[in-house]
Amino acid sequence: MARKAGLLHDIGKAVDHQVQGSHTDIGIKILEKFGAEKEVIDAMKSHHEEYPTESIEGIIVQVADQISGARPGARKDTAENYLKRLEELEGIATSFQGIEKAYAIQAGREIRIFVKPSEVDDLGAKKIAREVANRIQEELKYPGEIKVTVIRENRVVEYAR
């Protein structure tokens with residue numbers, strides 16, 4: 001079971017540039033379509049912790065994936081290209097008015113943008129999220145999809161003395 005799940009755990013990567021969604025979700029759909037056993041799907045779907053691990057086979061696949069990804073030469077990107085991609089993501093986000101900070105996380109699969117609540121209202125935050133996503137699509141080359149999260153937080157602190 002673990003061997004099958006390990007072999008198939010990244011099958012969604014074969015089409016993740018053509019189909020919307022994470023490679024895990026795409027892989028689940030592919031395996032379901034072709035009648036893979038539920039146990040195989042359950043074991044493969046937790047390899048990036050998007051889903052809870054439900055079996056020992058799932059843990060085996062997860063650990064094997066981490067070991068494989070850590071070996072020299074496993075990642076195509078050089079450290080320079082990786083850092084450049086994160087900087088480009090953050091650069092696009094911070095180019096908008098009212099942005100306080102932006103952080104590319106999840107290996108560049110997500111950008112979290114913190115806006116200044118005094119300058120950006122809730123509707124403006126929604127608009128910024130859409131505009132940042134559009135600029136990323138137009139200007140950057142990236143595998144899969146990038147989640148854009150805009151956070152507008154207003155804190156009020158008082159002290160009783």
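Visitor: Which residue just after α2 takes a positive phi?

Guide: Keep in mind that this is a predicted model. The residue is glycine 35, with a phi of about 75 degrees.

Visitor: Which residues of α2 are buried, and what covers them?

Guide: A residue counts as buried when its relative accessible area is under 20%. In α2 that applies to His23, Thr24, Ile26, Gly27, Ile28 and Leu31. Their cover includes α1 and α3 (38-44).

Visitor: Where is lysine 13 found?

Guide: Lysine 13 sits in the loop between α1 (2-8) and α2 (23-33). Its relative accessible area is 36%, so lysine 13 is partly exposed. Along the chain, lysine 13 and glycine 27 are 14 residues apart, and their C-alpha atoms are separated by 7.7 Å.

Visitor: How many residues does helix α6 have, and what span should they give?

Guide: Helix α6 (residues 122-139) has 18 residues, which at 1.5 Å a residue should span 26 Å. The C-alpha atoms at its ends are 26 Å apart, in agreement with that value.

Visitor: Which residues of α6 are buried, and what do they pack against?

Guide: The buried ones are Gly124, Ala125, Ile128, Ala129, Val132, Ala133 and Ile136. An α-helix has 3.6 residues a turn, so residues three or four places apart point the same way. The buried residues of α6 pack against α5 (79-94), β1 (99-105), β2 (110-115) and β3 (147-152).

Visitor: Which residues touch the most other members of the largest nonpolar core?

Guide: In soluble globular proteins, nonpolar side chains tend to be buried together. Here the largest nonpolar core has 22 residues, and those touching the most other members are Ile111, Ile113, Val132, Ile136, Val148 and Val150. Two or more residues come from each of α5, β1, β2, α6 and β3. The most come from α6, which gives 6 residues. A second, separate core has 8 residues, including Ile28, Leu31, Val40 and Met44.

Visitor: What does valine 150 touch?

Guide: Leaving out residues up to four places away in sequence, valine 150 touches Ile113, Val115, Ala125, Ile128 and Ala129.

Visitor: Are lysine 38 and aspartate 42 buried or exposed?

Guide: Lysine 38 is exposed, at 55% relative accessibility, whereas aspartate 42 is buried, at 11%.

Visitor: What is the N to O distance between glutamate 110 and arginine 112?

Guide: In that salt bridge the distance is 2.8 Å. Glutamate 110 is buried, at 7% relative accessibility, and arginine 112 is partly exposed, at 34%.

Visitor: Which side chain does arginine 155 meet in a salt bridge?

Guide: Arginine 155 meets glutamate 153, at 2.9 Å from N to O. Salt bridges with shared partners also join Lys38, Asp42 and Lys45 into one network.

How values were computed. Residues are numbered from 1 along each chain as its sequence is written. This is a predicted model: local features need pLDDT of at least 70, side-chain atom pairs count only at pLDDT 80 or more; totals for chains, interfaces and linings use all residues. Side-chain values use heavy atoms; hydrogens and water are left out. Helices (H or I, at least four residues) and strands (E, at least two) are DSSP runs, numbered from the N terminus. The expected span of a helix is 1.5 Å times one less than its number of residues. Buried means under 20% relative accessible area, exposed over 50%, partly exposed in between (1.4 Å probe, protein chains only). Contact means heavy atoms within 4.5 Å. A nonpolar core is a set of buried Ala, Val, Leu, Ile, Met, Phe, Trp, Tyr and Cys residues joined through side-chain atoms within 4.5 Å. A salt bridge is a side-chain nitrogen of Lys or Arg within 4 Å of a carboxyl oxygen of Asp or Glu.
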